[in-house]
Amino acid sequence: MLLILSGIFLLTLHHTLMVILSFNTLRNFFQKHPHSKEALIDWHKTMEEASFSTFHDVKRAFNSVDCVGNDLYIFNIRGNKYRLITRIHFDIRTVYVRFIGTHQQYDEINIRSL
């Protein structure tokens, strides 16, 4: 987008949408856990259509998301039955799926190793 202000040209940044890597991880999970499919597809669609710049932007869209440091964010899926951990790099609008599992599987992982 180009703005003209008092004869001065200003180039503004176009807010690009988020890129989610990788949908295959989500698909593999919901094929094994069919009850998670709708919630994961909704999460993916919301993320993909967004242009988040900060954690607060994500929090507005997903009230239950938590930031645990090191760019890692935990999402409760389907009423906290499943947990999704992502690494979000806001500067390049990229979301990396690092873990998807049941709440019990989540309790067994070392989050710092992601």
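**Exercise 1. The helix pair**

In which hand, left-handed or right-handed, does H1 pass H2 in a crossing? Determine also how the two helices are oriented and which residues join them.

*Solution.* The model is predicted. Step one: H1 passes H2 in a right-handed crossing. Step two: the axes of H1 and H2 come within 9 Å, and their crossing angle is roughly 165°. Because angles over 145 degrees count as roughly antiparallel, H1 is roughly antiparallel to H2. Step three: from H1, Phe-23, Leu-26, Phe-29 and Phe-30 meet a set in H2 made up of Lys-37, Leu-40, Ile-41, Trp-43 and His-44.

**Exercise 2. Backbone features**

Locate the cis peptide bond, then state whether Asp-71 and Arg-93 are buried, partly exposed or exposed.

*Solution.* Step one: the cis peptide bond joins Leu-21 and Ser-22, with omega about 5°; Ser-22 is in the loop between strand S3 (19-21) and H1. Step two: Asp-71 is not a glycine, yet has a positive phi of about 65°. This residue, Asp-71, lies in the loop between strand S4 (66-69) and S5. Its relative accessible area is 34%, so Asp-71 is partly exposed. Step three: Arg-93, also not a glycine, has a positive phi of about 55° and is placed in the loop between S6 and S7. Since the relative accessibility of Arg-93 is 12%, Arg-93 counts as buried.

**Exercise 3. Confidence**

Decide where the coordinates of the protein chain call for caution.

*Solution.* Step one: the chain averages a pLDDT of 86, and 87% of the residues score at least 70. Step two: confidence is highest in S5, at a mean of 97, and lowest in strand S1 (residues 2-5), at 38. Step three: over residues 1-14 pLDDT stays under 50, and the model has twelve contacts beyond four places in sequence for this stretch. Step four: where pLDDT is low, predicted coordinates should not be read in detail.

Conventions
Residues are numbered from 1 along each chain as its sequence is written. This is a predicted model: local features need pLDDT of at least 70, side-chain atom pairs count only at pLDDT 80 or more; totals for chains, interfaces and linings use all residues. Side-chain values use heavy atoms; hydrogens and water are left out. pLDDT is the predictor's confidence in each residue, from 0 to 100. Helices (H or I, at least four residues) and strands (E, at least two) are DSSP runs, numbered from the N terminus. Contact means heavy atoms within 4.5 Å. Axes are lines fitted to C-alpha atoms, for helices over the stretch in contact, and angles run from 0 to 180 degrees between N-to-C directions. Angles under 35 degrees count as roughly parallel, over 145 as roughly antiparallel, 65 to 115 as roughly perpendicular and the rest as oblique. A crossing is left-handed if the near helix is turned anticlockwise from the far one by less than a right angle, and right-handed if clockwise. Buried means under 20% relative accessible area, exposed over 50%, partly exposed in between (1.4 Å probe, protein chains only).
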